[in-house]
Every structure is written in C-alpha cells, then in structure tokens.
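Subject: Handover of a structure

Dear colleague,

Please find the sequence and the structure below. A summary of what was found follows directly after them.

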Amino acid sequence: MNTDKEIALLRQLVAVPSFSREEDGTAAVIYDYLASAGAGPERFGNNVWAVGEGFDRSKPTLLLNSHHDTVRPAKSYTRDPFSADIEAGKVYGLGSNDAGASVVSLIRTFLDNRSREFPYNLILAVTAEEEVGGENGMRAFLPMLADKGIDVTCAIVGEPTGMQPAIAERGLVVLDCVTRGVTGHAARGEGVNAIYRAMEDIERVRSFCFPEPSQVLGQVGVNVTQIDAGWQHNAIPDECRWVVDIRTTDAWSNEEVVDMLRGQVRWSVLTPRSTRVRASVISADHPLVVASVRAGGVPYVSPTTSDMSLMHDIPSLKIGPGDSSRSHSADEYICVEEIRDAIRIYNNILNDIEL
C-alpha cells in the first residue's frame, strides 16, 4: 500500500503548531487537502468535515472522527517538535502519534470509500479542542450537525490504541471542596480547626463505596489529590480547600456521583468544575465492535479519555494507530507501518459492519 500522500500530509500537520484553541493553521491544511481530493469539505470554526456521496437521511450514519489539536511540547524534547523528521521508518514530532496518524489514516479511509454505496452514510470530521474538552470542538460540532438534520448513529474515534478496539473509557469529575471552621489562637486552643473538619469529610469521601459497580468499568475511582489550608503556625485555620479527582462509570451519571458524595460529608461544600466528561461504553455485540474483532482486534478498556466522553448516547469505538504511552511525551513519533496497518483495518471494518 502506497501511503506517500498520507505521510506528506502528516508531516505538514506536525510542522504547523496546533495547540488547543489555536488550530487555525492545521484546519486550513486539512481543508485544502480534502478540497484538492474533491471531497467537498466544510469548515465549522476549526472543525473540518465532509460527507460521503449519496447521503440518504433514511440510512444510519457512521462518523469517522479524530482531532488535530495538540498539547504543548514537553520541555524534555531533544528534537524540534515541529520538524517532522523521518528516521528508520518513524515520523517524529508533536501530534504525530496523538492524533495525527489517526487523522491521516481516517482521511485516506474516507477518501477511499466516500463514493461507495454502503447501507449507511459516511461522514468525516477532524475536530478541534479535544485535548481540553473545549467548547468549540466536539461539544459544538455535534449540535451543529443536529441543526442540519444529521443524526450520527455511531462513531469511530481515532486515537492511539495500537489498532485495538477500546470499548469503554471512564468519565471525569473534579470536585473543588471547601471546609469552614473558626479561626483562633493556637496557643489558647481557641476556634474550630477547618483542617480537622476536612479530614473527617475526606475520610468519608475516600471510604465511600458506591452501591453498584459497572459491569465493564468496575467501581468509581475517587482520589483526593490536593489540599490547602492555614496561613501561619499559631493561627487555627478557618478554611481548608481540597480537590477530588473522580473517574466515573456508566453505572451512575456524573450528577448522581456528585450527589452521593455530597450526602457523605458533614462540614464541606463540594462543587464540580464540570459534569460533561462522561463514561462511555459500547456493547460487545455492537456491529462496530464485532467488525473490529473480525479484523483481528481484542477489545479492552482504555485508561484515557477522549471525545467519546462527549458523544452522549452515540455508540462509539476508539481505535487508531500508535501507542497511548507516546502521547504527550517528549520526542513523540509514529511508525509509517502503523499508518499502513490502520488504513487496512479501518477499510476492513467499514466493509464488514452491518448497521
């Protein structure tokens, strides 16, 4: 399989900085590439999308999705993160693995199949702000499609999974917690120590066992990760602030998890930063999973989050070239052979699914 065009496109994308919320340059590169291929792309902010030929609203719709934004480069890079060097069959550079390889592989898959007559519609979307769960990425793109009367039936989400099908990932809720006390002089034993009150509530939160685990994701994960209190050694602190990192499952909604933990504390106020990053689970018998298994994949639960968490009520399968351990790391890279394998497997899935 000749992938020269895909590798050249990937190198273009790596060479253009595309930090989250600053993806204008790579959006233009992707748009121009699809336009030159005759795919009739459209642009919605920094999201670039295209619809396969013969779109029929009576058919189900399969979305091919990945993201073109990146995190900022790690300080320990030994290479220019934007040089897109090729050495020993590897393309180096920021975003090459996460998720440029998925982007170019899905673009090739879409272009190979956009004119074919499937029992479903095909849409490609290369979206923005995935790394920050931003308001102008998938959160805006899906409502825009809905406004156009396009309902997505299911989705393939391109992320580095070694082309193994990730059938589930946990959601995320971060709680900012405040515990109040009464200040006083430490030497006189005056006041009410907010730290001690916080310790009581932290133990209640830490030891709480949710009544029903997820059959796929298990128990909700709860960890206290930050704490801050006091301003000098001889003053009883009247406020203690602490942070809880919660990895949610499909057994309970994010809002239900927050309510249950609020019910455990005695002294503290618990405020979620957001509840929009939800757990995602696709059934083992969904056609996307079945087709990926027939293509040689072994389903697993992903430890990382992606735009799957924002595709509420849309069955989605996370699968793409690369290795998650390379993501956000110094001297990130993708193997050319991984892209070739991805294109082959994506095509096998598209030709095998029965929606």
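The charged end of Lys-90 lies over the ring of Tyr-333, 4.5 Å from the ring's centre. Here, a charge sits over a ring if NZ of Lys or CZ of Arg is within 6 Å of the ring centre and within 35 degrees of the ring normal. Likewise, the charged end of Arg-79 sits over the ring of Tyr-92, at 3.7 Å from its centre.

Please note that this is a predicted model, in which local features need pLDDT of at least 70 and side-chain atom pairs count only at pLDDT 80 or more, while totals for chains, interfaces and linings use all residues. Residues are numbered from 1 along each chain as its sequence is written, and side-chain values use heavy atoms, leaving out hydrogens and water.

The structure holds five aromatic pairs; rings of Phe, Tyr and Trp (its six-membered ring) pair if their centres lie within 6.5 Å, and planes under 30 degrees apart count as stacked, over 60 as edge-to-face and the rest as tilted. One of these pairs, Tyr-92 with Tyr-333, is tilted, with 5.6 Å from centre to centre and 50° between the planes. This pair links distant parts of the chain, since Tyr-92 belongs to strand 5 and Tyr-333 to strand 18, 241 residues apart. Helices (H or I, at least four residues) and strands (E, at least two) are DSSP runs, numbered from the N terminus.

Tyr-92 counts as buried because its relative accessibility is 13%, whereas Tyr-333, at 22%, is partly exposed.

In helix 1, the buried residues are Glu-6, Ile-7, Leu-9, Leu-10, Leu-13 and Val-14. They cover an arc of only 160° around the axis, so they lie on the same side of helix 1; the arc is that of the directions from the helix axis to the C-beta atoms. The face turned away from this buried side carries the exposed residues Asp-4 and Lys-5.

Finally, the largest nonpolar core has 50 residues, of which Leu-62, Leu-64, Ile-107, Ile-156 and Leu-288 touch the most other members. Such a core is a set of buried Ala, Val, Leu, Ile, Met, Phe, Trp, Tyr and Cys residues joined through side-chain atoms within 4.5 Å. Helix 8 supplies the largest share of this core, eight residues.

Yours sincerely

Note on methods
Buried means under 20% relative accessible area, exposed over 50%, partly exposed in between (1.4 Å probe, protein chains only).
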